[in-house]
Amino acid sequence: MVPPGIGPVASTLIRSKLRDMPKPTNRWTDRWIAAGLGFFALLVYLRTLTPSLSYLSPDGSELATVPAVLGLAHPPGYPLYTWLGFFFSRLLPIGDVAHRMNMMSAVLGALGVSALYLIVVRLLPAERVGLLWRRCAAALATLLFAFSLTFWSQAVIAEVYAPNIGLLGLTLLLLLRWERTRHLLDFSFFALVFGLSLGTHMSNLGFAPAMALFILLTMFAVRDAPDPGQKVPTVGRRAWELAAHVIIGAAAFGLGAAQFLWLPLRASTINDPLSIKIAPITLANLYQYTLGAFTQLRFAFPLGALPDRVVIYVYFLVQQYGLGGILLGVVGLGSLLVHRPRHFYLLVGMYLVNVWFFTQYRAFDLEVFFIPAHYLWAMLLAFGVVEVLRGIGWMASRVGVCLGTGCLSSGMRAGLAILILLPSLTPIHWNWEKNNLSDDTAINDFYANVWDRLPAYSALITPRGVFGYDAFYWQLVYDTRPDVLLPLLPSPNPSSASLADREVFGTTRTVSSKGGMFAPPADLTPTDSWSLPVLLGQQPEKQIGRREQLALYRFSKSPPPLTIRGASPAVATHSNFGPAVLVGADVSDQPIESGGVLEVSLYWSSRAPTPLRVTLRLGSQVLEQHEVGFGLLARYMREVGIGPGELIVDRCAVVIPSTVPPGRYTLTLSPQAGQSQAVLSSASASLGVVEVVDEMEAMEQWLRAAGSSSPAR
Amino acid sequence: MAKSRWLILPGAVVILGMLCIAVFSLGVYVGKHGRTQDGLQYQAPRTNGAQLPGDAPAGGLAGAPARTPEAAGLIRRISRTQVDLTTREGPRTILLSEVVEVQLEDGHVGSRGDLKVGDLIAIFGQWTAGATRELEAEVIVRLPKQ
């Protein structure tokens, strides 16, 4: 196999290289295994995928919307994510656009999982254990990462982090391919994909120094020829080689990074109050929008706070891999250094940059920023597993048991392989409940009914910027109810004149002076407006940050009808709730489609102005919680008054979640937890039986509510 | 191994450094918080003004915005244009706008004159645009003395 005419030293080097190089058949086997692991991960992600919009990410609704309309996301803009999302939203004929964007996270996340296996199995040292055990170690590390708490949570929603892992894995694979071939073309592919990966997360740029060091070490520190048969290059030739790589690499990277020229083209679509101040229409603003974005969040902690921040990171790492995974990773660090020193500087360099930067980053969804570090830790973990297997083999040989090649039957080898892979099932079991968002339908259920109930030519006030996209999504993607004005959609600072002659509704009644820059401007509606909830949605079970409960308010200048005289409710209860007595209720008696609304009127006789919060349940499921009088009672009593014999009436529509199976359920009202013991020990009232039917798929309902002929459908 | 020694030695130092930093941090953490999870509360939730639909429009501290403040700490120095705070994360300077509102701990409206060195305050405000982003206070809430 060694070409003739090569000296003895070079011949030895080439032989050792040939031994290390994977055979073509092995390479194909590994590709199939990688594809299988990625496919398995994809199946689990799809099974737990969010059906449509979700609050699990603060920017999720924006990132589900912007790609479909080729708009511009919040800084740093994410051009590649936007373009990939555009193709997913157009090409996948499944579900709605938000569902397709969630699927993009699953598919590209699974791609990153496959890439992880290929990277690891290529790097694990052949001299330590046999091929089967290396494959087991690589597969174990891959599955532990695939179903780790944080990465999995991002692979089932519309966010940039799972696609970014896909791009990062591809970048590393191409870099390792170049290391093997040393072809300039492979190097340019690597540089191009690396440049493109900035469009899924700008922090990838921080990996450049470690990659550059690896490239230099590979070009200058490796004495043998890259391929058997090639001459060992001289120093002068290496210098030329380096110059060619720098020029070609810079050009390819620049081509990838040129995606950010997209930003000025779409700057006019920005409606976020933060982003609009740095709209990328000048070079200075382009810098501010990309590399200069969120500077106030970087290195935001003094030296004294750093130990706590490091421990927070370690805590995240324990959440992903457990203490055992940390120990295996530490062992793997040493193994990687000894057996693959150049790769040590690449992988550990990348890892340290990620950890160093983000431990000092002030973000409330901090855990997601460490996903690349967890990805790299999985590689270390695989090295640790190999060392443990090696140790077990050594100990077995000391007691006279042979575990080497040829000693074990194929059945025993398969059994041992399964034993090694078993721990990878643990995170699936542990994290399934936390990451299963397949029943997260609250936002779509709510908005489908909002669009159904808003009067013609009304206006809907929403939060500004990224927090408003749960409403903007429908009009931007599906052109839903174009007669309804969303004043915060075109601009974060609309004029109150734009609401003239329209009935005004809102999904928030918190204004900017009370709720920060993402709340609508304080002067958009008169400060003395009354805001009465007319539709209440179920609160999404899983969300990040604090969001207002899903509610549709009707704004009015005159007091709403909070009281009624001579009511004769269909269900008489006379239940004593402490501060108030529930005299009775009217509940619609028709069967209700899941995902539809239940009309409820509660009639109260109040003895004291003490606030009382109540919970409405359908069976055991909480539908909504509110304060009697919807928080308006004190003002109403002050400005209007409650006459003798008048009852307070809470009248509104409540969304029945589309996840409620068909059946007959008891509707009950009880005091909400967290109040005084006297209130909590008071009565619960049964308001009758509600029949829920399920004749239409949730997605079908949402798409019908979207009601558009948009090509995105 | 011999030909890679010059690569391995610095790498070993890196690993040692990583382990030392981790162990040192854990030691400082346990010294500060004990064996609890108190120091792991890294989330200051970004909010869109979270509020329950049944609630009265203003929740939380009397007069305070219904969201997490952007900063909180003890007043170290106060001038017409800015206030210097000692916060848990270190010293911070907050700009004061002309129209900044001051709320006292009892819910009454106050003025800048009510703010004294040593007072514990919470700041609600907005970040200024530009490269050197600074927090500009819109509402300052004076908190009860601990």
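Below are legends for a few views of a predicted model.

**View 1. Chain A as a whole.** Chain A carries 24 helices and 14 strands (DSSP runs, H or I of at least four residues for helices and E of at least two for strands, numbered from the N terminus). Its C-alpha trace spans about 110 × 65 × 55 Å along the principal axes. Of the 713 residues, 50% are buried, meaning that 20 or more other C-beta atoms, placed from the backbone, lie within 10 Å of a residue's own.

**View 2. Helix α6 of chain A, residues 131–146.** This 16-residue helix reaches 22 Å from first C-alpha to last, close to the 22 Å expected at 1.5 Å a residue (1.5 Å times one less than the number of residues). Since 14 of the 16 residues in α6(A) are buried, the helix is largely enclosed by the rest of the structure.

**View 3. Helices α15 (residues 341–359) and α16 (residues 371–398) of chain A.** The two axes come within 9 Å and cross at roughly 150°; they are lines fitted to C-alpha atoms over the stretch in contact, with angles from 0 to 180 degrees between N-to-C directions. That makes α15(A) roughly antiparallel to α16(A) (over 145 degrees).

**View 4. The contact between α15(A) and α16(A).** On α15(A), look for A:L347, A:M350, A:Y351, A:N354 and A:V355; α16(A) brings A:P372, A:A373, A:L376, A:W377 and A:M379. Contact here means C-beta atoms, placed from the backbone, within 7 Å.

**Reading the views.** Residues are numbered from 1 along each chain as its sequence is written, and chains are lettered from A, with ligands numbered from 1, in the order written. Local features need pLDDT of at least 70 and side-chain atom pairs count only at pLDDT 80 or more, while totals for chains, interfaces and linings use all residues.

How values were computed:
A residue is buried if 20 or more other C-beta atoms lie within 10 Å of its own, exposed if 12 or fewer, and partly exposed in between; C-beta atoms are placed from the backbone. Angles under 35 degrees count as roughly parallel, over 145 as roughly antiparallel, 65 to 115 as roughly perpendicular and the rest as oblique. Two residues are in contact if their C-beta atoms, placed from the backbone, lie within 7 Å.
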